[in-house]
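The exercises below ask the reader to work through one protein model step by step. Each task is followed by its solution.

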Amino acid sequence: MVVDFTMHDADKTIVCAISTAAMDNLEDGRAMKPEQRVDQFLRLRDVIEDRASVKFFQEHARPDRPVVLRSNDFLK
């Protein structure tokens, strides 16, 4: 399962998604119920958006392709 979100690069909208497993891993593996996902995303929003931005620019992603974040995108 994923949570969809969007970001902007100048005048372009970038479609993004993060796996629920990745969000759970960011919070020490605590599995959330579906109705808790929005709150979880909002808590983690800065980290998620920062990683999505880095991935978009490092991979020279195209605005017409979604940026999908998985657990391995947050490994240090």
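The model is predicted, so local features need pLDDT of at least 70 and side-chain atom pairs count only at pLDDT 80 or more, whereas totals for chains, interfaces and linings use all residues. Residues are numbered from 1 along each chain as its sequence is written, and side-chain values use heavy atoms, with hydrogens and water left out.

**Exercise 1.** Describe the order of strands in the sheet and the packing of helix H2 on it.

Solution. Step 1: identify the elements; helices (H or I, at least four residues) and strands (E, at least two) are DSSP runs, numbered from the N terminus. The three strands form an open sheet in the order E1-E2-E3, with mixed pairing. E1 and strand E3 (67-69) are the edge strands, each pairing on one side only. From one strand to the next, the twist averages 25°; axes are lines fitted to C-alpha atoms, for helices over the stretch in contact, and angles run from 0 to 180 degrees between N-to-C directions. Step 3: place the helix. H2 packs on the sheet and touches E1, E2 and E3, its direction making about 50° with that of E1. Contact here means heavy atoms within 4.5 Å. Step 4: examine E1 and strand E2 (residues 12-19), which run antiparallel and are joined by eight bridges. Within this pairing, Phe5 has Cys16 in E2 as its bridge partner.

**Exercise 2.** How many aromatic pairs are there, and how is each arranged?

Solution. Step 1: apply the rule. Rings of Phe, Tyr and Trp (its six-membered ring) pair if their centres lie within 6.5 Å; planes under 30 degrees apart count as stacked, over 60 as edge-to-face and the rest as tilted. The count by this rule is two aromatic pairs. Step 2: take Phe5 and Phe41, a tilted pair with 5.2 Å centre to centre and 45° between the planes. This pair links distant parts of the chain, with Phe5 in strand E1 (residues 2-9) and Phe41 in helix H2 (residues 37-58), 36 residues apart. Phe5 is buried at a relative accessible area of 8%, and Phe41 is buried at 9%. Buried means under 20% relative accessible area, exposed over 50%, and partly exposed in between (1.4 Å probe, protein chains only). Step 3: take Phe56 and Phe57, an edge-to-face pair with 5.0 Å centre to centre and 85° between the planes. Phe56 is buried at 6%, whereas Phe57 is partly exposed at 49%.

**Exercise 3.** Is Met7 buried or exposed, and what does Met7 contact?

Solution. Step 1: Met7 lies in strand E1 and is buried, with a relative accessible area of 13%. Step 2: leaving aside neighbours within four places in sequence, Met7 is in contact with Lys12, Thr13, Ile14, Cys16, Glu49, Ala52 and Ser53.

**Exercise 4.** Which elements give two or more residues to the lining of the largest pocket?

Solution. Step 1: the lining of the largest pocket includes Lys55, Phe56, Val67 and Val68. Step 2: the elements giving two or more residues to this lining are H2 and E3.

Conventions. Two strands pair if DSSP finds at least two bridges between them. On a 1 Å grid over the protein atoms alone, a cavity is a set of points where a 1.4 Å probe fits but cannot get out, and a pocket is an open set with protein on both sides within 12 Å along at least five of seven lines; lining residues have an atom within 4 Å of a point.
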